[in-house]
Amino acid sequence: MIEFQYSRATDVADALRQIAGNPGAKLVAGGTNLIDLMKMEVERPAKLIDITRLPLKQVEDTPGGGLRIGALVRNSDLAYHAPIEQRYPVLASAIKSGASQQLRNMATTGGNLLQRTRCAYFYDTTTPCNKRTPGSGCSAIGGHNRMHAILGTSDACIAVHPSDMCVALAILEAKVHVTGASGDRSIAFADFHRLPGDTPQRDTNLDAGEIITAVELPPKGFAKNYSYLKIRDRLSYAFALVSAAVGLELDGDTIKEARFALGGVAHKPWRALEAEKQLAGVPLSDDAFAAAGEAAVKGAQGHGHNDFKIPLAARTVASALTEAAKQRKA
Ligand SMILES: Cc1cc2nc3c(=O)[nH]c(=O)nc-3n(C[C@H](O)[C@H](O)[C@H](O)COP(=O)(O)OP(=O)(O)OC[C@H]3O[C@@H](n4cnc5c(N)ncnc54)[C@H](O)[C@@H]3O)c2cc1C
Ligand code: SF4
């Protein structure tokens, strides 16, 4: 049993004050990841600051025509929120494909962004892991790496970011609003999560002592032509082997704009911007989708057990594009 203190923050300013005064403290929201990590002694915070009573539970319209999602909006409330289902269905679909209903009832928007990798070695404190103990080595390189990354890896870490919700947020080009001792700032979603490089212990560009307050969605939601396709070992309660979020803007049977991101393949949701560009102005066709899938995995590298992810990711992108295009006839 690890001893830790517990306190409840009354508002954002109070949470910031408490976290600033105690570098060993951690914020706790739904607790569905952090408490597991504490049980396995991967995380050993001296204090838990409970932020669940902070007034960050609203989904509100923004003046620019988008939506602002409070950091404490629960995953299930967000997935079934009517404006999200109608205007950003790819986000609703991605959230519903994650975890289980019970977990989604607890998990929060901010916590989902900051959930940690599911690499088994990260959770096993008897094994070397650069993410858990910097400089100790990476057990997954040369070890069991079926679930691991094929893109954007480094010699220090080949872990993937496990979130489904974040794959959809990547194509929606959301902004993450944060606040800290030096004030408020917003981070483009593409810059929020990091590649491992030689600092795999840092998953994101959130600074120590900063709190996520909201996620903002721009107006473009790809409500007509979207898809979230998740390939996993079983149909529910499993993390993605590979997933793809797709949004298409069409002019008849021609693609005006295509956006897609892959999940389960990298340390962050993976946008393949060059592959997206090659679809602009192109008529819908299976060949174009297959070529975009191949382009999306350009430079991918397997590590043995996960070599199968390279062709799987290419096919997942192509299938998700096909699915998104089909909706124009629905
Ligand atoms: C069995 C199981 C299966 C799962 N399957 C899936 C799946 O298929 N797909 C998927 O996407 N997810 C899955 N999950 C993960 C789940 O979605 C996350 O655990 C959840 O989203 C985390 O949210 P939380 O509010 O519980 O975070 P917490 O556990 O409370 O916190 C996680 C981290 O975020 C920090 N934090 C939380 N809120 C804030 C904030 N506002 N500002 C700053 N820091 C903050 C905490 O300090 C902590 O470090 C699964 C989880 C489990 C246990
Ligand atoms: S892949 Fe990353 S998280 Fe997994 S053992 Fe290697 S360093 Fe640790």
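Colleague: What is the relative accessible area of E249, and is E249 buried, exposed or partly exposed?

Modeller: E249 has a relative accessible area of 25% and is therefore partly exposed; buried means under 20%, exposed over 50% and partly exposed in between (1.4 Å probe, protein chains only). Bear in mind that this is a predicted model, where local features need pLDDT of at least 70, side-chain atom pairs count only at pLDDT 80 or more, and totals for chains, interfaces and linings use all residues. Residues are numbered from 1 along each chain as its sequence is written, chains are lettered from A and ligands numbered from 1 in the order in which they are written, and side-chain values use heavy atoms, leaving out hydrogens and water.

Colleague: Which residues form a salt bridge with E249?

Modeller: Side chains of opposite charge can pair when their charged atoms come close. The criterion is a side-chain nitrogen of Lys or Arg within 4 Å of a carboxyl oxygen of Asp or Glu. K220 meets it with E249, the closest N and O atoms being 2.7 Å apart. Because K220 sits in the loop between β8 (211-217) and β9 (226-231), while E249 belongs to strand β10 (residues 242-251), this pair ties together parts that are 29 residues apart in sequence. K220, at 31% relative accessible area, is partly exposed. K256 also forms a salt bridge with E249, with the closest N and O atoms at 3.6 Å. Through shared partners, salt bridges join E173, K220, E249, K256, E257, R259, R271 and E276 into one network.

Colleague: How many salt bridges does a search of the whole structure find, and which residue pairs with R44?

Modeller: The search of the whole structure finds 24. R44 pairs with E41, the closest N and O atoms again being given as 2.7 Å apart; R44 is exposed at 53%, whereas E41 is partly exposed at 40%.

Colleague: How should I read helix α12, and where do its buried residues fall?

Modeller: An α-helix has 3.6 residues a turn, so residues three or four places apart point the same way. Helices here are DSSP runs of H or I, at least four residues long, and strands are E runs of at least two, numbered from the N terminus. In α12 (residues 286-296), the residues A288, F289, A292, G293 and A296 are buried. Viewed down the axis, these buried residues fall within an arc of 140°, so they line one face of the helix, the arc being that of the directions from the axis to the C-beta atoms. D286, D287 and E294, on the other side of α12, are exposed. The cover over the buried residues includes β11 (254-263), β12 (270-271), α11 (273-277) and α13 (309-326).

Colleague: Which residues is N112 in contact with, leaving aside its neighbours within four places in sequence?

Modeller: Contact means heavy atoms within 4.5 Å, and N112 has such contacts with N75, H161, S163, M165 and C166. N112 lies in helix α7 (residues 109-113), and its 10% relative accessibility makes it count as buried.
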